[in-house]
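Please open the structure in your viewer and keep the selection tool at hand. The stops below go from whole chains to the place where they touch.

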Amino acid sequence: MINVLEAIRQWGPGSRTWWQNQLSGATDPITDAGWGEGHVRKGFFTDTSICIGCKACEVACKEWNRVPARTASEHGGQMLGSSYDNTGHLGADTWRHVAFIEQAPDQLVRARESGAALSKPVSLGMPTRRRADEQDAPSPPAGGVPHASMLATEPVGLPAVRWLMSSDVCKHCTHAGCLDVCPTGALFRTEFGTVVVQADVCNGCGYCVASCPFGVIGRREDGIVELAPAHDGKEAVTAKVLNGGVAQKCTLCYDRLVDGMTPACAQTCPTTSIKFGDHSDMVAKARERLAELHAQGHTEARLYGANPDDGVGGTGSVFLLMDDPEVYGLPPDPVVTTHDLPKMFTMAGIAGTAMLGVVLSMFVGHGRMQ
Amino acid sequence: MAECHPVGFQWVTEAKLRGARVIHVDPRFTRTTAQADRHIPIRVGSDIALLGALINHVLSNELWFKDYVLHYTNATTVVSDDFVDTEELDGLFSGWNDETRSYDMSSWAYAERDDLPEEAVDGDSGDDEVDAPDPVDESGHLMSETSRADTQGSGGPPLEHARIKKDPTLQNPRCVLNILRRHYARYTPEMVERVCGISQEDFAYLADSIVQNSGRDRTTAFCYAVGWTQHSDGAQMIRTSTILQLLMGNIGRPGSGVMALRGHASIQGSTDIPTLYNLLPGYLPMPLAGSSDTLAQYVDNIASTKQKGYWANADTYAVSLLKAWWGEKATAENDWGFAYIPRLTGAHGTYQTVMAMLEDKVAGYFVLGQNPAVGSAHSRMQRRGLAHLKWLVVRDLQMIETASFWKDSPEIETGELRTEDIATEVFFLPAANHAEKSGTFTQTQRLLQWRHKAVSPPGDCMSELQFFYLLGQKIRERLAGSPLERDQGLLDLTWDYPLDEEGEVDPEAVLKEINGYQLTGPKAGRLLSSYTEMKADGSTSGGCWIYTGVYADGINMSARRTPHGGDQPLEHEWGWAWPADRRILYNRASADPDGKPWSERKKLVWWDEDAKRWTGDDVPDFPVGTRPDYVAPDTAGGPEALSGTDPFIMQADGLGWLYAPRGMVDGPMPTHYEPAESPVVNPVYGVQASPTRKTFRRQDNLFAASGNEPGAEVFPFVFTTYRLTEHHTAGGMSRWLPYLSELQPEMFCEVSPELANLRGLENGGWATLVSPRAVIEARVLVTPRMRPLVADGRTVHQIGLPYHWAVGGRAIVTGDSANDLLGVVLDPNVNIQEAKAAACDIRPGRRPQGAARLEMLAEYQGRAGLTVETSQEAPERLEPARGPQPAEQVEEEA
């Protein structure tokens, strides 16, 4: 109850009530979870403008976290025919997913327009639910761009093809649907503000899978993986799937963070497209980079997850995208399932009262009949 | 670069964030393109036309860097009156011999001065081949033709004479710069549009970008990889960029240069201390039978002692190498053991060797860290060749297809090979991986980086070092006491390395041997600090002269790992760069002729008048006390002959070569020729393809007709092969790993939506590809990243084929090999295969199985009327005469 009392103190009379604040909007999830003082929220800033689609993040993640390869599964081993993406989507066995999107020039024009519109007057990631009081129009970076302006000729026209790449990951939402619905307490909020599954507590009910607005979490298939195929009369080497049958997703490398290390994906990223650090620094860096790109005329750039007033209270993993979120397969306006809980609760209360009235009136009426 | 060198691409990303402009010239739209400011798609194999037009652009608009070019290049050197250019001979240079299909290079030489004293003249430096008989090597190529290229090291070849005539006023029409102007005059933006399919707007953007970003204040860099090398005129493609970079003053300066991006961790190292048949360590040539009987002859052939620069000291490098290998047994009396080194009798490249296998001339074969059954051009020929061996040793991390070809290669399935008929005894030996052994990697920047062993290799796995040490021991035990002369070289080798606690050779002892020692005198046993300390009198040793200094003062410099290389701008405290830890080669050129930096922004090395020496941020790549205004006497030779303005210290005249009077067997100036198989008739000259390219007229190596020749329509499309980020070359290090395999699980071909329409191909479906050599299948990826180009009025469809997959073996993912489709046609300078441009047909659906697959190939070959002469004659002049044709016509045919 400490956090509840704090929330009441913080917001005071006249503000939103504490239970509304807990379920949506801007907040510090670490304090909300009762970790107390002295903890800093950690997060990613994935700058897709410098992603080269090498997929090293996918591999490093799987190596460190011992996530099963999909070649062993029935759907593995086949090309998807979706540009260079053969991973498809995030899930129990893919905690990082690099999307590849090929576009014609007209789509770049559209992206530039939509990106420019977002930045005037505000440049927060989500197209809706902006904080009206925040002015965030990009301004040129302090140092300027040192050399670009020294060349007289600038590129003319638009490229015939644009190839977007973006490494997606669990958002570690401020208000995490998966965590809120978990009946066993297997999902918990860490001291880094991240959301992690405890595999040994999870009972595999799958409520979290349906509650994630981003489709991140999945339940891992139970079974056997083949480590080496059978050959020359020798039997195949196999092993039981690690954490089979339970919910699995990115832990933001919790086991690395507790030792002061960088998550595997950020550590391996050759171009620093994936950055890791204090969440507030990540958001600041993202804003800075956005301003820089807009100053260079790349108005198609926009942030995703940097708005604490969006449907999930902002995300721990912040992205700089070069087109609308839908283009990358991301929901444009994600809303945590618990967001409408207070309203639903109120509505349910009203409905319940009304029904009670009806029932009572029936009794009354019945009495009259008698 | 982002595609194949993603880790190195971090520096491009950083440069870009600091404002650099990145232009990607590539037939394909790759991960690099996605990050580039502009993509300039180019028709495969037309790079010389583009680069030649850039040269023409800077020359005709007088945009070249005059102070740099006049002082540091051979622009003012006058060329012999005997030289006749391609402009007059419609695509051939003077000296062409139709019978031998090669050039006599003597007419390309510099003009001679006649006002010099006799002692300045060096009679016939390295010209023995001219008088020697002209035998034919095993592949039917003239020895003199192959030997010239095969025996040249990293420095320029020796000059015919030292009496160089110059015209600083550039009035003489025969001085190099004027010859260059005339040669490239026909390489116009219009010609680029015709040949390369590049718009004039794109060309202007590229040209302006380079010009505006070059000069005193700015520099431009060219990065290339096998997209330039793997052509029948690949060496000349790189030469063309070098000429352009010299004209723009972009060599020897920070942010400048022509950068070869190496495809593996230590490919640079494997040419420095070579796994190549034609080189000894440090780019010393392999001696040639007949012309290198004595050490003196051999050294004479490398360089004249009268020429400028450090190759004049080749005798000290050679004798030190012999001392490193044979120690006490190398004496002045036995010519320092020079007779122990085998002699070349011709070109013994991969492809010549495989053809020799097919003729049962090769008994055994070692395959280390390669998978030629998948990774070499015409991999079908490779696999068939392996079946003729008596024994084969494969050392690898996995049971690769080269080791299992005898039971599961595609040829077993088609019935061409039968397991019971193959007598090859295959030894598969497991190898240690990079984390299981110590040693150095030498990367793209010539940087040696020491790698410490993390864990010991499991089971029987061992490092190459340990393997060859033990193999050497066993062979020497077997030969002990042999009276045969041929065995003495092996028995006399120094083969005594200290062993560590696990009984393994200490790799640092090997690095010390490579670095070299002082052998005699009071300092005997001291590790050398520099190759300039080497002597030809047997008092020093050194296994690779360019690496001398890596162990200076007994410190393993390659193991330096100060974060970010310390405080110095060039990060000298990280690793060690050969030679002498110079991070930028020829850096004397970073200062003007007076020794002052060209600009504050681009300063690197300069003359310190007070200290009377060169100084700066890098180790000066120049005699440190030679004043900028020093003029060397005509009678001097070697480093003393370098004047203060001769930055190119490995060249025979100390200058950057805009024109190569010797050394390139296919011409002194790069010239556009079409690939061996091309749908386009050469729009630049009458000669269609490189006349000197090495062809192999064999029934198993047929080529498609080019241009409008009969049968050309049977193979109407161009394909190019390449790598993907997700896999490593022939797959030995990726197709066995689940985490990599799942990222690109299937062999596919990349086609444009236009070609997909034309041929009825569906994204995600199957396609069959047919070349004159093979039939393969692949999944289809239809992508707007592939675009048809219009060249010379003709629509050219290009198909992209990654080459990582193979059938058979125990890999997690399998698929047909793109390299099966390729034929063998080689660059005459370096014997590299033309893997980036070839002809094929594509059709929807899967390929036939078994014998039907061969029937399909035969049907195609018959329909195209292919013979061993098709596209293998030289010089070919194709009909009809040049001229644009309507694009629609070709599309309909296709």
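What follows is a short tour of each chain and then of the contact between them.

This is a predicted model, in which local features need pLDDT of at least 70, side-chain atom pairs count only at pLDDT 80 or more, and totals for chains, interfaces and linings use all residues. Residues are numbered from 1 along each chain as its sequence is written, while chains are lettered from A and ligands numbered from 1 in the order in which they are written.

Select chain B, whose C-alpha trace spans about 75 × 70 × 60 Å along its principal axes. Chain B holds 27 helices and 26 strands, these being DSSP runs numbered from the N terminus (helices: H or I, at least four residues; strands: E, at least two). Of its 894 residues, 56% are buried, a term that requires 20 or more other C-beta atoms, placed from the backbone, within 10 Å of the residue's own.

Finally, display the contact, to which chain A gives 39 residues and chain B gives 45 residues; two residues are in contact if their C-beta atoms, placed from the backbone, lie within 7 Å. On the side of chain A that touches chain B, the elements giving two or more residues are helix H4 (56-65) and strand S3 (162-169) of chain A.

How values were computed: A residue is buried if 20 or more other C-beta atoms lie within 10 Å of its own, exposed if 12 or fewer, and partly exposed in between; C-beta atoms are placed from the backbone.
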